[in-house]
Amino acid sequence: MSKRAVFMVTVAGTNITAPLLPVLISLTVSDRVGTHSDTATLAIDDTDGRIILPAIGAPVVVALGWEDGGVRIVFTGTVDEVRSSGSRGGGRTLAITAKGIDTTKKPKEAQQRHFDDKTVEDILKAAGKTAGVTEVEVDPALASITRTYLEMRDESFIHMGERLAREIGGNFRIQGTRAVMSKRGGIYTAAVAAVWGQNLHAWDIAPALGRTRFSKVRTRWYDPTDAVWKETEETTSLDVDARHDHRFSLANEDEAKGQAAADKATSERDSGEGSVTIEGDTSAIPDGLCIVAGARPGVDGAYRIEAVTHRYSRGGGFVTELELRQPHEGAGQDLR
């Protein structure tokens, strides 16, 4: 007996699952690492125009799962766009798109300010308060990093957080009134399996890429005490003979070390790529791990999850698509 996928949707605090059951065509939830906001899209058969248009900014909660195992919340956000489409012979469709960031609020507003000798945590909390973000969570490994000078010149809190994340090796995201700066490539216990003959539907993986791999990364900074330019270098885990030099010079040694660590993490993350489609699994999270097994030698192994997309459809059930990066634990090595 086949499993039955189930869903739950609330809009503006009202559970609309029952009215949606006969008219929902598909439901898609996408969540990426760091700088991209998670998104939920509902495609609805709007033949009779029975669904009341939700207000922009209305709260949305989506949960997915299986009939025997219950549902788990996979999206919390607000309505960003409602689009009606149709034709004389093709019927009518209503598409409701929601985002994790409330696009009607202050996080998108430009700020003009600067920070002197402040930590990453202090900067994010101060700029976040102006943007209406009431909760800021920073990974302990990144929280105490100090910036001698940081300027926001007509820059939103969203863009400043993304820029800072690229400099210090972090992943930045906002969900509602909460902002999180996590460490890129951090150690997380959360993992899902993609096993041939069990839950693995399809895969498309390049476990090793040449152009993105560097054995070393280097940054340049000026030492005013010695009045000379100096360099900071990091060694990656990749077995190649090429070095990546950061394009711009940094203000001091601490910033140079932070940028080098970020470039190292980026090179290791981008050393391989691919995607898998598995039976719907709500435990998959961005920056967690996916263990591929049974595909073939050299491909099997662990990968970092870059993005998670859940797809529910009226005729096709429930599947989860994972975008993969950073192969390790045997991935990319055919030892036969």
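1. Start with strand β6, which gives the most to the lining of the largest pocket, with 5 residues. The model is predicted, and every value below is computed from it. The pocket in question has a volume of about 710 Å³. Its lining counts 32 residues. Asp 31, Arg 173, Arg 178, Ile 285 and Pro 286 lie nearest the centre of this pocket.

2. β3 (24-32), β6 (70-87), β9 (135-138), β11 (170-175), β12 (178-183) and β20 (301-313) each bring at least two residues. By class, the lining of the largest pocket holds 15 nonpolar, 8 polar and 9 charged residues.

3. Next, the domains. The assignment for the protein chain lists domain 1 (5-99), domain 2 (106-183), domain 3 (191-208 + 272-328) and domain 4 (216-270). Domain 3 is given as two segments, 191-208 and 272-328. The centres of domain 1 and domain 4, taken over C-alpha atoms, are separated by 44 Å.

4. Which domains each give at least three residues to the lining of the second largest pocket? They are domain 2 (106-183) and domain 4 (216-270). This pocket has a volume of about 330 Å³. Its lining has 15 residues, and Arg 147, Arg 163, Glu 167, Leu 250 and Glu 255 lie nearest its centre.

5. Look at the elements around the second largest pocket. β10 (146-156), α4 (157-168) and α5 (253-269) each supply at least two lining residues. β10 gives the most, with 5 residues. The lining of the second largest pocket divides into 5 nonpolar, 4 polar and 6 charged residues.

6. Two of those elements also pack on each other. α4 and α5 have axes 6 Å apart, at an angle of about 85 degrees. That angle makes α4 roughly perpendicular to α5. By class, their contact has 2 nonpolar, 2 polar and 2 charged residues. On the α4 side are Arg 166, Glu 167 and Ile 168. They meet Gly 258, Gln 259 and Ala 262 in α5. Helix α4 has another partner. Helix α2 (residues 120-130) packs against α4 at an angle of about 170 degrees, with the axes 10 Å apart. The two helices are therefore roughly antiparallel to each other. Here the α2 residues are Val 120, Ile 123, Leu 124, Ala 127 and Gly 128. They meet Phe 157, Met 160, Gly 161, Leu 164 and Ile 168 in α4. By class, this contact has 8 nonpolar, 2 polar and no charged residues.

7. Last, check the backbone. Most residues other than glycine have a negative phi. Where does Ala 12 lie? Ala 12 is in the loop between β1 (5-11) and β2 (14-15). Ala 12 has a positive phi of about 55 degrees although it is not a glycine. Asp 117 has a positive phi too, of about 50 degrees, and is not a glycine either. Asp 117 lies in strand β8 (residues 110-119).

How values were computed:
Residues numbered from 1 in each chain as written. Predicted model: local features only at pLDDT ≥ 70, side-chain atom pairs only at ≥ 80, totals over all residues. Heavy atoms only, no water. 1 Å grid on protein atoms, 1.4 Å probe; cavity = no way out; pocket = protein on both sides within 12 Å on 5 of 7 lines; lining within 4 Å. Points joined across faces, edges and corners; volume = space filled by probe spheres on them. Helix = DSSP H or I, 4+ residues; strand = E, 2+ residues; numbered from the N terminus. Nonpolar A, V, L, I, M, F, W, Y, C, P; charged D, E, K, R; others polar. Domains from an automatic or database assignment. Axes fitted to C-alpha atoms, helices over the stretch in contact; angles between N-to-C directions. Parallel < 35°, antiparallel > 145°, perpendicular 65-115°, else oblique. Contact = heavy atoms within 4.5 Å.
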